[in-house]
Amino acid sequence: MKRSFLFLLLVCASACSKEKVSLKDDRELIGDYDWVFSYGPNNTSESFESHTETYGFRFRKNGKVELIRNSEREFIGYCSSIYNDQNGETTILVIIDDSNFWFRTDGDKLRIENYPIANHTNFFKKQL
């Protein structure tokens, strides 16, 4: 009986754990990205120059992702999965506070929907 209970507990614990992905094999993703501009419906656009707040993301080798606002870490999450397509674009699923963020990158550019400007495609550029 004890063995059955321990086995069941072990199975439940492993089933409930969230999968995290390391970025050690995706070194080109590691680094800091700054918000450059956002492109929205009806051909509207906004840029960091028109805002008093700054936004960015930091991708770490261990898979952690930090959301930076005004040079301060606001949220921390983790990479859950990475997909590479035949066009050379990489899609990264990042989970922050149980919310899914889908990043798409091609080289030193990163784009994400709805952050920081809702209903916009937001573009970030990797710091050199």
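Mentor: Let us start with contacts, meaning heavy atoms within 4.5 Å. Of the contacts in the chain with a separation of 6 or more, 42% are between residues 24 or more positions apart. This is a predicted model, in which local features need pLDDT of at least 70 and side-chain atom pairs count only at pLDDT 80 or more, while totals for chains, interfaces and linings use all residues. Residues are numbered from 1 along each chain as its sequence is written, and side-chain values use heavy atoms, with hydrogens and water left out.

Trainee: Which helices and strands are there in the chain?

Mentor: Helices (H or I, at least four residues) and strands (E, at least two) are DSSP runs, numbered from the N terminus. The chain has one helix and nine strands, and its pattern along the sequence is α-β-β-β-β-β-β-β-β-β.

Trainee: How many bridges pair strand S3 with strand S4, and in which sense?

Mentor: Two strands pair if DSSP finds at least two bridges between them. S3 (residues 55-59) and S4 (residues 64-69) are antiparallel, with five bridges; arginine 58 has glutamate 66 in S4 as its bridge partner. Four residues lie between the strands of this hairpin, and glycine 63 takes a positive phi near 95 degrees.

Trainee: What joins S4 to strand S5?

Mentor: Six bridges do, and S4 and S5 (residues 72-84) run antiparallel. Isoleucine 68 stands opposite arginine 73 in S5. The S4 and S5 hairpin has two residues between its strands, and asparagine 70 in the turn shows a positive phi of about 55 degrees.

Trainee: What percentage of the residues in the chain is buried?

Mentor: Buried means under 20% relative accessible area, exposed over 50%, and partly exposed in between (1.4 Å probe, protein chains only). Of the 128 residues in the chain, 36% are buried.

Trainee: How is a pair of aromatic rings described?

Mentor: One gives the distance of the centres and the angle of the planes. Rings of Phe, Tyr and Trp (its six-membered ring) pair if their centres lie within 6.5 Å; planes under 30 degrees apart count as stacked, over 60 as edge-to-face and the rest as tilted. By this rule there are eight aromatic pairs. Phenylalanine 37 and phenylalanine 123 are stacked, because their ring centres are 4.7 Å apart and their planes at 20 degrees. Since phenylalanine 37 lies in strand S1 (residues 31-39) and phenylalanine 123 in strand S9 (residues 121-126), the pair ties together parts that are 86 residues apart in sequence. Phenylalanine 37 is partly exposed, at a relative accessible area of 33%, and phenylalanine 123 is partly exposed at 24%.

Trainee: Why is the pair of phenylalanine 59 and phenylalanine 103 classed as edge-to-face?

Mentor: The pair is edge-to-face because the ring centres are 5.4 Å apart and the planes stand at 80 degrees. This pair links distant parts of the chain, with phenylalanine 59 in S3 and phenylalanine 103 in strand S7 (residues 99-106), 44 residues apart. Both phenylalanine 59 and phenylalanine 103 are buried. They belong to one aromatic cluster, whose members include Tyr33, Trp35 and Tyr115.

Trainee: Is threonine 121 buried or exposed, and what does its side chain contact?

Mentor: Threonine 121, in strand S9, is buried, with a relative accessible area of 18%. A polar contact is a pair of N or O atoms within 3.5 Å; within protein, one must be able to donate a hydrogen and the other to accept it, and residues adjacent in sequence count only if both atoms are side-chain atoms. The side chain of threonine 121 makes such a contact with that of glutamate 113, at 3.0 Å. Beyond its neighbours within four places in sequence, threonine 121 is in contact with residues including Phe37, Tyr39 and Arg111.
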